Amino acid sequence: MSDSSKKQDKEPAFLDKQVTRRNVLKYTGIGGLGVLLGASSLGGVFAMTKQAPSETGKADKNETVPFYGKHQAGIITEAQNNVYFVSMDVITTKKEEVKHLFKEWTEAVALMTAGNPVGELSPNHYMPPKDTGEVMGLSPAKLTVTFGVGPSLFVLDGKDRFGLKHKQPKELVDLPKFSFDSLEKDWTGGDLCIQACADDPQVAFHAVRNLVRIARGKATIRWAQEGFQRSKQSDPKQETPRNLFGFKDGIVNPNVQDKQEMNKDIWVQPNDGPNWLEGGSYLIIRRIQMYIEVWDRSTLKDQEETFGRYRDSGAPLGQNLEMDPVDLELKDQSGKLMIPENAHVRLAKGDGKQVILRRPYSYTNGMDAKTGSFDAGLLFICFQREPSKQFIPMQQRLAKMDKLNEYTVHKGSAIFACLPGTSLGGFIGETLF
Ligand SMILES: C=CC1=C(C)c2cc3[nH]c(cc4nc(cc5[nH]c(cc1n2)c(C)c5CCC(=O)O)C(CCC(=O)O)=C4C)c(C)c3C=C
Ligand SMILES: [Fe+2]
């Protein structure tokens, strides 16, 4: 056992002290904490709290999303303004090191989501600071961090890398190729994923940056993409966010408050197998480029028929209100279907039996060097209990004849099993490793 995991075993009680970043700044200011640190990236913060036991400052509850629980945060918790998503390759060959990495990540995330730095800020001028420092003085901005494991963590090129092959869920396999997929290696796959969401892009990036730093020598970045929605501050009515095609996106989604519904469609259940994933969920991410310039030249009628909804109100075609049910039978006076056969909502809905939880973010990535147009689109992220019965048949329908395909192309794709949550003293991944 390394020094840092010993420390964790001895000192988990620290984690509920919730010392805020502001207070940590105070400590470093008055205390001059010149503690010489051990190898652990977290050693400094443990040392620091020992020297400031009387401080009880807590981050504003409205700015924090609880980290501990049966399920990981960032799945059914309300979507924040920003995401930073990173897919990683494991480079160590030792299972113990992967396990240890998850322990260190858990400790770091417990700290960051409560508004604490992951290590000392700058007490020792002769060592690099443990926390990278860019969120000093900021609130946690509802930071959530969600971890997942990909199929290649279990078996890569036919090799049982970590002796975990027997634990690979049958649902955790590479997605089939869908018609018109134009996937690029640089945006596809991964052994592990980190989804960091926050109401501030700097807070989300800080989390990922520090986790990647902790992973040095054990895992490296495979691909990364940030995403955004309109910020809640600029939308006083808190309406459904709009995507880069100008349409309300996220109207029809399962009710995350309904536990029965979540158990039916989102959380892996005891009999689904394997046990280690019970309480977890499957995350599918598609990096979908949207040809916004082409879209901007198409008529409003064409745009609305593409989705099957009105742009302004968000109502389904033939209806009045955003929340009116999508009625696929509705016809106009001439007997023509109001929602065309190839409209996105018709095909996505199907017979209504496949339900996924969508948590998408828009992205912009400068210019597409090949075309000179914007590289912009949707980081489509969704969660479900059984991809083979939910996302896959849905995407097969969409790939075949969705009118939206004229304006989009799927360039990136990955599937991950999001681990169950953990409690104080435990760690994310404890059931797997
Ligand atoms: C395979 C699943 C889906 C992909 C991929 C997808 C891509 C995608 N979607 C939009 C924009 C909208 N989608 C809307 C509805 C909708 N989309 C899916 C699934 C996928 N979308 C579902 C299950 C639904 C709900 C269908 C229903 O039951 O009514 C809408 C309408 C508004 C809403 O309900 O949110 C929009 C707009 C884009 C731009 C996109 C890829 C770039
Ligand atoms: Fe959609």
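1. An unreviewed UniProt entry lists residues 72-229 as "domain: Dyp-type peroxidase N-terminal"; such annotations may be inferred rather than shown by experiment. The model is predicted, with local features requiring pLDDT of at least 70 and side-chain atom pairs pLDDT 80 or more, while totals for chains, interfaces and linings use all residues. Residues are numbered from 1 along each chain as its sequence is written, and chains are lettered from A and ligands numbered from 1 in the order written.

2. The span 72-229 is 21% helix and 23% strand, and its end C-alpha atoms lie 21 Å apart. Ten helices and eleven strands make up the secondary structure of the protein chain (DSSP runs: H or I of at least four residues, E of at least two).

3. Of the chain's 433 residues, 44% count as buried (20 or more other C-beta atoms within 10 Å of their own, C-beta atoms being placed from the backbone).

4. The largest nonpolar core has 88 residues, among which A196 and A204 touch the most other members (a core joins buried Ala, Val, Leu, Ile, Met, Phe, Trp, Tyr and Cys through C-beta atoms within 7 Å). Helix 4 (residues 95-113) gives this core nine residues, the most of any element.

5. Ligand 1 has 27 residues around it, of which I251, V252, A348, K349 and L378 come nearest (C-beta atom, placed from the backbone, within 6 Å of the ligand). Strand 7 (281-290), helix 9 (344-349), strand 10 (374-384) and helix 10 (391-401) each give two or more residues to this shell.

Methods
A residue is buried if 20 or more other C-beta atoms lie within 10 Å of its own, exposed if 12 or fewer, and partly exposed in between; C-beta atoms are placed from the backbone.
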